[in-house]
Amino acid sequence: MSRLANPRINDRPAQRRQPLRVLVAKVGLDGHDRGAKIIARALRDAGIEVIYLGVHNTPQEIVSSALQENVEAIGLSIHSAAHMTLFSAVMKLLQQQQASDIAVFGGGIVPQQDIVKLKRMGVKEIFTPGAPLEEIVKFVKSIERQKDRAREKDRAKPPDRKAR
């Protein structure tokens, strides 16, 4: 789906404040979904609209669903040691769809040295086992505040005038 055919939240009128929409999914063959379900429920309980895809999703399915659902963020859970490959694939697909404005975060068993690489790749945050739910909710809500500031900044810009 082209980004042009998919109006983003940034295009909605400011007076129609919508709840933050986050897609939560298990990527790859990993079937350990308890943590993802706990995160999805914590986000929902915090007033965030959550679309939960469940287990065994491909990067293509995740990005396609994110575009169709018009989300601001994607939360990926992974315990299979394929995090570098799978996160990279999601980030590349988002870029190909001109959807790099969708924040990606994740959780699971990820070595510290890989967390640094994932953040360089554009992943906003990685939460490891034992991360407090309040910290995760606070982080996800910060995505909404960042997008609000970006929208305000865009509205304050003078129109781009091209010479004829």
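A residue is termed buried when its relative accessible area is under 20%, with a 1.4 Å probe and protein chains only taken into account. By this criterion, 43% of the 164 residues of the protein chain count as buried in the structure, which is a predicted model. The protein chain exposes about 9600 Å², and carbon and sulfur atoms supply 52% of this area.

The protein chain contains 5 helices and 5 strands. Along the sequence these elements follow the pattern β-α-β-α-β-α-β-α-β-α. Among the contacts in the protein chain with a separation of 6 or more, 73% come from residues 24 or more positions apart.

Helix α1 spans residues 34–45 and thus comprises 12 residues. From its first C-alpha to its last, α1 reaches 16 Å, close to the 16 Å expected at 1.5 Å a residue. The buried residues in α1 include A36, I39, A40, A42 and L43. These residues lie on the same side of α1, because the arc they cover around the axis is only 165°. On the other side of α1, the residues R34, R41 and D45 are exposed. The helix is followed by G47, for which phi is positive, near 90°.

Helix α3 is formed by residues 83–96, 14 residues in number. The distance from the first C-alpha of α3 to the last is 20 Å, close to the 20 Å expected at 1.5 Å a residue. Buried positions in α3 are H83, L86, F87, S88, V90, M91, L93 and L94. The elements covering these buried residues include the strands β1 (21–27), β3 (73–78), β4 and β5. The helices α2 (59–69) and α4 (112–121) are also included in this cover. Just after α3, Q98 adopts a positive phi of about 50°.

Aromatic contacts were examined next. A pair of aromatic rings is described by the distance of the centres and the angle of the planes. The structure holds 2 aromatic pairs. In one of them, the ring centres of F105 and F139 are 5.7 Å apart and the planes stand at 65°, so the pair is edge-to-face. This pair links distant parts of the chain, with F105 in strand β4 (residues 103–108) and F139 in helix α5 (residues 133–156), 34 residues apart. F105 counts as buried because its relative accessibility is 3%. F139 has a relative accessibility of 15% and therefore also counts as buried.

The rings of F127 and F139 likewise form a pair, with centres 5.6 Å apart and planes at 65°, so this arrangement is edge-to-face. Distant parts of the chain are again linked, F127 being located in strand β5 (residues 125–127) and F139 in helix α5, 12 residues apart. At 7% relative accessibility, F127 counts as buried. F105, F127 and F139 together form one aromatic cluster.

Conventions: Residues are numbered from 1 along each chain as its sequence is written. This is a predicted model: local features need pLDDT of at least 70, side-chain atom pairs count only at pLDDT 80 or more; totals for chains, interfaces and linings use all residues. Side-chain values use heavy atoms; hydrogens and water are left out. Helices (H or I, at least four residues) and strands (E, at least two) are DSSP runs, numbered from the N terminus. Buried means under 20% relative accessible area, exposed over 50%, partly exposed in between (1.4 Å probe, protein chains only). Contact means heavy atoms within 4.5 Å. Accessible areas come from the Shrake-Rupley method with a 1.4 Å probe; for residues, only the protein chains shown count as cover. Rings of Phe, Tyr and Trp (its six-membered ring) pair if their centres lie within 6.5 Å; planes under 30 degrees apart count as stacked, over 60 as edge-to-face and the rest as tilted. The expected span of a helix is 1.5 Å times one less than its number of residues. The arc is that of the directions from the helix axis to the C-beta atoms.
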